[in-house]
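Subject: The structure for you to look at

Hi,

Here is the structure I said I would pass on.

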Amino acid sequence: MSMKDIDDRKDIAIYISDIAARFRDWRNADLSQARALGRIGSFFLIMLAFTLIARGTAGATMPVVTTATATMDTLEQAILVSGTITPASFDNVPSPENLMVQDVLISEGAQIKAGDAVAKFYADMVDKEIEREKAKLSELNKKLAMLRKDQNVDPSAVENSQQELAMAQQDYYETIDEYDAVIKKINKQESRVSHLEEEYSSLRSDESADPLAVEQARVDLESAETKLESLRTEKETISKFLQAAQRSVEKAQLSAVQAERSYNRAAEDARYTENTNSAEASNVKLDIADVQERIEELTAIQNNDYQLFAEQGGIVQSVNISAGSETQRVACTLEDTTKGYLFTFALTKEQAEKVSYGTKVKVTQGSEEEDCVVSGISGADAAGNITVTARLNKKEWKAGQAEIKIVLSRNKYNYTLPISAVHTDNTGSFVYIVEEHKTTLGLNNVLARIPVKIEETGETKAAVSGALTTEDKVVSTSTKPLTKGCKVRVDS
């Protein structure tokens, strides 16, 4: 029972007490009328009792609601998903294969520096292995020398012809530049001569012109014409040089082609004589490279007190060796935390359509947070999901699970309500507000239906517009279905 129901009943009790007092006064004044009025009073008291019982029964069965008022708030549309943080880069610590390990000096999760020891090996085994590999290398070199005998073809003729061609082409291009330059000078000088001719002709036709000016114009014109003629002569000379340079290029090209043909014929002859062992020679060279690399690795271990050192630092992600067992090619894998981390997460096709390169995201892992941007978007997998990557720059991250938030929009509204307060049917969206109606027996809470327009829906709130005020008591929850005009009891 609410406090309001209790207050209503107190008012009714006072009202009944007042009627009873008036009735006693009147009864003492007239006994006969008192008997008649007593019967009438008893009837009304019975009716009043029934009314109170009915009212209490109705109050117990009517819906109980909670209310909220519209408030100004900001609604945010965001994508919240989980993903995985991994180092942006991994480094492998290589080891000679098939070498017996005496002791492992690292463990997973340990932070090591460049130059730290990773494993210890048996000295006598390392020494014997080096001797075996050197003997193998010697035999391989002898075999390769036999396979490569008389197989070399001298490429110097081709190289020389290519150099001569390059020099001829350079001389040709330089001559073209000179030719283009003198053509530009001629064009410029021809324009100057034309201008001076017009100026000289104009002065000669002007009877009032100064004779000295006329003479100077004539001298300038003759000088310009002489220079123009000199440039034309220079053009002819350069043109001859250009033709000669072109012939030199053609000759050099022919020589280069002939040298190339000669080289190809010699190479073809060499291939013809060595086709039975060339493939084997290639395989032997690969074997030599492998053996040389192994000797270098073993010698480095021998020189480091028979220990394998890491060439770079990082966090040990995995250890692939164990004491008493032979080594694999990779002794361990390190997380290179100096190059940051990557956060990878999956989105549905619909979510991915709202994300692009450069979209801002917030990554959270425990108390760590970082704002970053999308740096990679993959194609859809068989299930239609898109893998998205963001690069993290902080060094405090740990490899593992993390959460990401992608804010798509953030809008401020004057009227927002809990989502549960907004209803929709075939006529549109609406809310119920509680209105107080006065009656003889007290106040009744009656629902009114107010149409609204939903502007945006957030995670817990909806922004609406309509005939609402911040004073209206809007129903947010109810114990029973509601209709317009029904009476409710407000849970305080």
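Two strands count as paired if DSSP finds at least two bridges between them. Helices (H or I, at least four residues) and strands (E, at least two) are DSSP runs, numbered from the N terminus.

Before going on, some housekeeping. This is a predicted model, in which local features need pLDDT of at least 70 and side-chain atom pairs count only at pLDDT 80 or more, while totals for chains, interfaces and linings use all residues. Residues are numbered from 1 along each chain as its sequence is written, and side-chain values use heavy atoms, with hydrogens and water left out.

**The chain overall**

The chain has seven helices and 20 strands. Of its 492 residues, 31% are buried, where buried means under 20% relative accessible area, exposed means over 50%, and partly exposed is in between (1.4 Å probe, protein chains only). Take the contacts (heavy atoms within 4.5 Å) with a separation of 6 or more: 75% of them involve residues 24 or more positions apart.

**The open sheet**

Back to S3 and S9. They belong to an open sheet of four strands, in the order S3-S9-S8-S5, with antiparallel pairing. S3 (90–94) and S5 (111–112) are at the edges with a single partner strand each, so one side of each has no neighbour in the sheet. If you want a residue pair to click on, Phe90 has Glu335 in S9 as its bridge partner.

**A helix to look at**

Helix H3 (residues 123–147) has 25 residues and reaches 36 Å from its first C-alpha to its last, close to the 36 Å expected at 1.5 Å a residue. The expected span is 1.5 Å times one less than the number of residues. Its buried residues include Val126, Ile130, Leu137 and Leu144. Strand S6 (117–121) and helix H6 (278–303) are among what covers the buried residues of H3.

Val363 has a bridge partner on both sides: Glu370 in S12 and Ile404 in S14.

S14 has other partners too. Strand S2 runs antiparallel to S14, with 14 bridges between them, and Thr71 stands opposite Thr416. Strand S18 (residues 461–466) pairs with S14 in the antiparallel sense over three bridges, with Leu417 opposite Ala462.

**Two cores**

In soluble globular proteins, nonpolar side chains tend to be buried together. A nonpolar core here is a set of buried Ala, Val, Leu, Ile, Met, Phe, Trp, Tyr and Cys residues joined through side-chain atoms within 4.5 Å. The largest one has 21 residues, and those with the most contacts inside it are Ile85, Phe343, Phe345, Leu347, Val363 and Leu392. At least two residues of this core come from each of S2 (71–87), S10 (341–347), S11, S12, S13 (386–392) and S14. A second, separate core of 20 residues includes Ala119, Tyr306, Leu308 and Cys332.

Most residues other than glycine have a negative phi. Asp305, however, has a positive phi near 60°, and Tyr306 has a positive phi of about 60°. Asp305 lies in the loop between H6 and strand S7 (307–309), and Tyr306 lies in that loop between H6 and S7 as well. Are they buried or exposed? Asp305 counts as partly exposed, at 48% relative accessibility, while Tyr306 is buried at 17%.

**One last residue**

Ser429 is in strand S16 (residues 428–439) and is buried, with a relative accessible area of 18%. Its side chain makes a polar contact with the side chain of Thr424 at 3.2 Å. That term means a pair of N or O atoms within 3.5 Å; within protein, one must be able to donate a hydrogen and the other to accept it, and residues adjacent in sequence count only if both atoms are side-chain atoms.

Cheers
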